[in-house]
Amino acid sequence: MKKILLLLVSVFFTLSTYGQSEINYSPVYTVTKVGDTLTMKFQYNKGDGADLTLAQFDFEYNNKLLTYISSTSQAPTGASFARNNLTGYKFSPKSNSDEDDMDVQYVWWKDEAGNASYSTSADWSVERITIQTSAAYVDGNEFIKYQWRIKDKFNSGYDNYNNIIKVNWANYQQSNGTQIQTIKSPSTQSLTGIEGGNAGTFTINLKTANSVKTDYSYTIKNGAGESVATGDFDESGQASISGLENNVTYTAEANLKEDATYLDQVVTVSDLALVFAEAIGAGSGPSGGSSTFDYHIQDLMGDVVGSDNGVDFQDSYEILAYLQGVTTNNSNLITKDGQTEDYSGIESTYGSYVNNTLGFAKSFTPLDSDQTSKTIDLAHGLRGDVNFSHSWEPTVSSGEKTTSAQSSQARMSMAAGSKFSNPENANIDLVSSINEDGLVVFEIKSDVEGMVGSQFNIVYDPNVIELANVVFDTGNTMTNFSNIVEDGIVRIGSFDQNFEATVKQGTPYKLIFTPLENIQNTSGLISFRVKEGVKEDGTQINFIIQ
């Protein structure tokens, strides 16, 4: 190897003491991101007036972080110029010496260590430049310019772009062979603030009140609106994504799968009560002109008709019709079986309300200089779910409404913090039997007071029993509903839209089934998916089966 690295011209070497000259190397202009072209100049800084006619220097660069493009000699016209390259080697400076003293390191290579001053290293490439001229080199003149392309450090084995170029030694001489004492400036070259390139692992944390996180998917798009990453969240509500680039702005959104089995549990009688209360308080009703909602986002969630005019009676009747199983001519935005009406945004702005605008910021930019930018919290909500049973409740202060109506419809008893996390519990009794006619009778018994609404989604085995009748004893003025959601699921309940009548105590609901085969008992035939009530102040009642 030493034969390759030896001088290309014969020079007389003597050692003399003079003031120091410099080999200076520095970028021509600033580079900021992966893919930029780094142009580096190597130049002579005259020290003590000695006339430089021979310049030879050796440097190395990190080939994992830099791709060689070109080099251009800046030697004077008529000068001898040579460039040599060795890839896969790295210089080993003399121990216990000043690595910036180019004379010491030159003698170390030439006369002391020889080939042993270099070790093999696949990450590094050595460059050697030799220039000899008859006229003395002018102070500040350049020797050569190099161009490299900045490579992505991802999977390179390096965490930064520090110390990627370093001059190893230099041999400066006068025309008579007298050595010129030389130092380098700087000790090494590093690049800082380089953005772009692979962002590594990017993490999305799903924020939702729904306990089933695996039913949610994410989509990430670039600035052109093209999808660059899709996938599902894991059981903890987290997704790890690869392939994104630093310093590139993307958007993220979350969606609930339309085949989730519990979509008929999202919009219930509790949501209906809240929407009716808002329609009365904010619409043309007797207490019109105010709001019963706690968050601005509920105006969107409750606007199931999609009029963009806020919540009114049309929205409340649309939800009532949905619960009753009545088909309307409106194409509503209610989340239900086979239909999810999603909205999502980065949690720190989700539901904010600034300058009369509801906020759902979706954009993010991974930055190599800021590891916190490699994670976002993505909040998700569903249209119609105004009580946040399956949606994320906003945490940003600007999303709260400051003037809620203090009427019987307002939820004044809600605890501090989450306004929807403390439903009341109440006991109900379920009695199932086979009567003398061989019919299965299923009774729901309740002593709960003050319920303006209730809902039960009842699941039964349609291969064994068939629903024949629903008997209501809720009170003369209550609006009752029952409808078969699908084969084996029936929804029953009551609601007083005036918030005056309450569900009668006793046995307000009785379901009668016809057996399709001989049965001896009713064990395992009937169960619940939704069982809840709501009071006039909007408080949800969670039924406990005894």
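This note goes through a predicted model, point by point.

1. Confidence. The mean pLDDT of the chain is 88, and 91% of its residues reach 70 or more. Two stretches should be read with this in mind. Residues 1-18 stay under 50 in pLDDT, and the model has 46 contacts for them beyond four places in sequence. Residues 283-288 are also below 50, with 14 contacts in the model beyond near neighbours in sequence.

2. Strand β3. In β3 both faces are covered. One side carries Leu54, Gln56, Asp58, Glu60 and Asn62, the other Ala55, Phe57, Phe59 and Tyr61, and all of these are buried.

3. Partners of β3. Strand β6 (residues 118-132) pairs with β3 in the antiparallel sense over 9 bridges. Within that pairing, Ser125 of β6 stands opposite Tyr61. Strand β8 (residues 161-173) pairs with β3 as well, again antiparallel, over 8 bridges. Here Val167 of β8 is the residue opposite Phe59.

4. Five-stranded sheet. An open sheet of 5 strands has the order β4-β7-β2-β1-β10, with mixed pairing. At its edges are β4 (66-73) and β10 (182-185), each of which pairs on one side only. On average, neighbouring strands of this sheet are turned by 20° against each other, direction ignored. The pairing of β4 with β7 (residues 142-150) is antiparallel and has 7 bridges. In it, Ser73 is opposite Ile144 of β7.

5. Four-stranded sheet. Another open sheet has 4 strands in the order β15-β12-β21-β17, and its pairing is also mixed. The edge positions belong to β15 (238-241) and β17 (342-346); each has a single partner strand, so one side of each is left without a neighbour in the sheet. From one strand to the next the twist averages 25°. Strand β12 (residues 202-207) runs parallel to β21 and is joined to β21 by 5 bridges. Thr203 stands opposite Thr375 in β21.

6. Aromatic pair Tyr295 and Phe388. The whole structure contains 37 aromatic pairs. In one of them, the ring centres of Tyr295 and Phe388 are 5.6 Å apart and the planes are at 90°, so the pair is edge-to-face. Tyr295 lies in the loop between α3 (269-282) and α4 (297-302), and Phe388 in the loop between β21 (375-382) and β22 (424-434), so the pair ties together parts that are 93 residues apart in sequence. Tyr295 is buried at a relative accessible area of 2%, and Phe388 is buried at 5%.

7. Aromatic pair Phe472 and Tyr509. These rings also form an edge-to-face pair, at 5.9 Å centre to centre and 85° between the planes. Phe472 is in strand β25 (residues 465-472) and Tyr509 in strand β28 (residues 506-515), 37 residues apart, so this pair too links distant parts of the chain. The two residues fall in separate accessibility classes: Phe472 counts as partly exposed at 27% relative accessibility, while Tyr509 counts as buried at 1%.

8. Aromatic cluster. Tyr25, Phe42, Tyr44, Phe57, Phe59, Tyr61, Tyr68, Tyr137, Phe143, Tyr146, Trp148 and Tyr172 form one aromatic cluster. Among its members are Phe57, Phe59 and Tyr61, which are the buried aromatic residues named above on one side of β3.

9. Charges over rings. Arg128 lies over the face of Trp109, at 4.6 Å from the ring centre. The charged end of Arg491 sits over the ring of Tyr322, 4.7 Å from the centre of that ring.

10. Gln20. This residue is placed in the loop between α1 (2-5) and β1 (21-27). Gln20 is partly exposed, at a relative accessible area of 40%. Leaving aside residues up to four places away in sequence, Gln20 touches Gly47, Gln181 and Ile183.

Key
Residues numbered from 1 in each chain as written. Predicted model: local features only at pLDDT ≥ 70, side-chain atom pairs only at ≥ 80, totals over all residues. Heavy atoms only, no water. Buried < 20%, exposed > 50% of the residue type's maximum accessible area, 1.4 Å probe, protein only. Helix = DSSP H or I, 4+ residues; strand = E, 2+ residues; numbered from the N terminus. Pairing = 2+ DSSP bridges. Contact = heavy atoms within 4.5 Å. Phe/Tyr/Trp six-rings, centres within 6.5 Å; stacked < 30°, edge-to-face > 60°. Lys NZ or Arg CZ within 6 Å of the ring centre and 35° of its normal. pLDDT = per-residue confidence, 0-100. Axes fitted to C-alpha atoms, helices over the stretch in contact; angles between N-to-C directions.
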